[in-house]
Amino acid sequence: MPMDIKPNEISALIKEKIKNYDHKVENADVGTVISVGDGIALIYGLEKAMLGELLIFPHGVSGMVMNLEPDHVGAVLLGDADKIKEGDIVKKSNAVMEVPVGDALLGRVVNSLCEPIDGLGPIKTTKTRPIEVIAPGVIKRKSVDTPLMTGIKAIDAVTPIGRGQRELIIGDRQTGKTAIAIDTIINQKGTGVLCIYVAIGQKNSTVAQIVDKLRSYGALDYTVVVSAGASESAPMQYIAPYAGCSIAEEWLYQGKDVLIVYDDLSKHAVAYRALSLLLKRSPGREAYPGDIFYLHSRLLERACKLNEENGGGSITALPIVETQAGDISAYIPTNVISITDGQIFLLTDLFNAGQRPAIDIGLSVSRVGGAAQYKAMKQVSGSLKIDLASYNEMKSFSQFGSDLDASTVKIIKHGEVLEEILKQGQYKPYSLDREIFELYLGKNGYLDEFPVNEVNRIINSAYNYVANNNKAILDSINNDKVLSEEVERELVEAVNAYLEIYKG
């Protein structure tokens, strides 16, 4: 027998439904994918999502909140984005994006999420750090005062780099930018400096060659390679340098010295432009979004030298930027130049002329300069930039006349010898004593009387002669980092003795 339903009960039920009609389903912590593509997901719900928050998607894919719109959340997908489809459920994590850090990463090749991609098994570490943190404040820092030797004569003498400095390497493609960075990493062997090489948008084969070189020179033991290859999505390329910086900060706060190379920030800016346009952010100059300067400034500001109360560690950053036809006044190059403490400018013309490294001494500068140079290096490199500037001026002047006076000929010959001395092969970083020795001979004109094509042969055999017969001189330079009057006198005697044998 059917139950009797009273009219007043029905009306009460209807009133209750109407009363709660506008009560939304609790969707503050859970959302639904409404559109997905190109590594970007638009999500309905997630009302309490925070900018930069980590989101949990199905199939082990993670994401990061980038846009907070009135009716949806825009997120970038990190990992295998192809698995995500419309209608998938997304959950908040109530945590910011973090990556694994620690000593277990040394010697490994990882992706932007610090997951191993070198086939050597999982990375055993329990520590994680957020990829985005506020850079240490002025009070926590101290001025840069310790050199970070690159082993490259032209850089250590003219544009010295200090621990905690940000020195930009800039130039056209195929001018040797990466070569300088790799040589600098190789030169840190035995110095206690830990290294991170971040490859953004590079070919996987190129990264494999770099890893091979680092391994063959014994540099991979103290290096982490973070690779976001050209085949990776724009979001993965975007977070790569921040992930690398987080790895560096773990060691920074342990009081260690770290060197990080960003290769290169031009491709990083392009990846950010792509995901910004996909997120429907307004384009500005050259279609880059308005916050492109902030993108790199908040990354590079994290490189610093901490004071003793905060552990005394340092992060030295070597960002690389590629120019088009040598145009350093373009948008991204000028941005990064204004953020960094100097730049090493590489010229295609010098590279093609056989000057390796192809450093333009005139346009290259270090804003830390002599504060990050050993006294011995200051003693031998003081007049180098002026001598080379005089040579370049006279060289262009001499093209218009064949009748040159003796002083002009002398300046040109001295400049040619200096240029020859500054040439250096790849993967051959020099020790401090060798740099000082070669620059001392060049500065004081010992080689000006010889043909330019003999200079490198003479200088190599002279160094070997002194190393075999007067090793104490070179040991003194290495240990004391200064060219005392006594050591200089002994050096002059040894060099003169060698030159007499050579002439004989």
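This is a predicted model: local features need pLDDT of at least 70, side-chain atom pairs count only at pLDDT 80 or more; totals for chains, interfaces and linings use all residues.

Student: Start with H11 and H12. At what angle do they cross?

Tutor: Roughly 120°, and the axes come within 8 Å. H11 spans residues 384–398 and H12 spans residues 406–422.

Student: What do you call that arrangement of H11 and H12?

Tutor: Oblique. Angles from 65 to 115 degrees would count as roughly perpendicular and those over 145 as roughly antiparallel, so H11 and H12 fall in the oblique class.

Student: Is the crossing of H11 and H12 left-handed or right-handed?

Tutor: H11 passes H12 in a left-handed crossing.

Student: Which residues make the contact?

Tutor: From H11, the residues include Leu384, Leu388, Tyr391 and Met394. H12 contributes, among them, Ile411, Ile412, Gly415, Leu418 and Leu422. Charged residues take part as well, including Asp387 of H11 and Glu416 of H12.

Student: How many of the contact residues are nonpolar, polar and charged?

Tutor: Eight are nonpolar, six polar and three charged.

Student: Switching topic. How many disulfides?

Tutor: The count is zero. A disulfide is a covalent bond between the sulfur atoms of two cysteines.

Student: Cys114 and Cys195: buried or exposed?

Tutor: Cys114 is buried, at 3% relative accessibility. Cys195 is buried too, at 0%.

Definitions and conventions: Residues are numbered from 1 along each chain as its sequence is written. Side-chain values use heavy atoms; hydrogens and water are left out. Axes are lines fitted to C-alpha atoms, for helices over the stretch in contact, and angles run from 0 to 180 degrees between N-to-C directions. Helices (H or I, at least four residues) and strands (E, at least two) are DSSP runs, numbered from the N terminus. Angles under 35 degrees count as roughly parallel, over 145 as roughly antiparallel, 65 to 115 as roughly perpendicular and the rest as oblique. A crossing is left-handed if the near helix is turned anticlockwise from the far one by less than a right angle, and right-handed if clockwise. Contact means heavy atoms within 4.5 Å. A disulfide is a pair of cysteine sulfur atoms within 2.5 Å. Buried means under 20% relative accessible area, exposed over 50%, partly exposed in between (1.4 Å probe, protein chains only).
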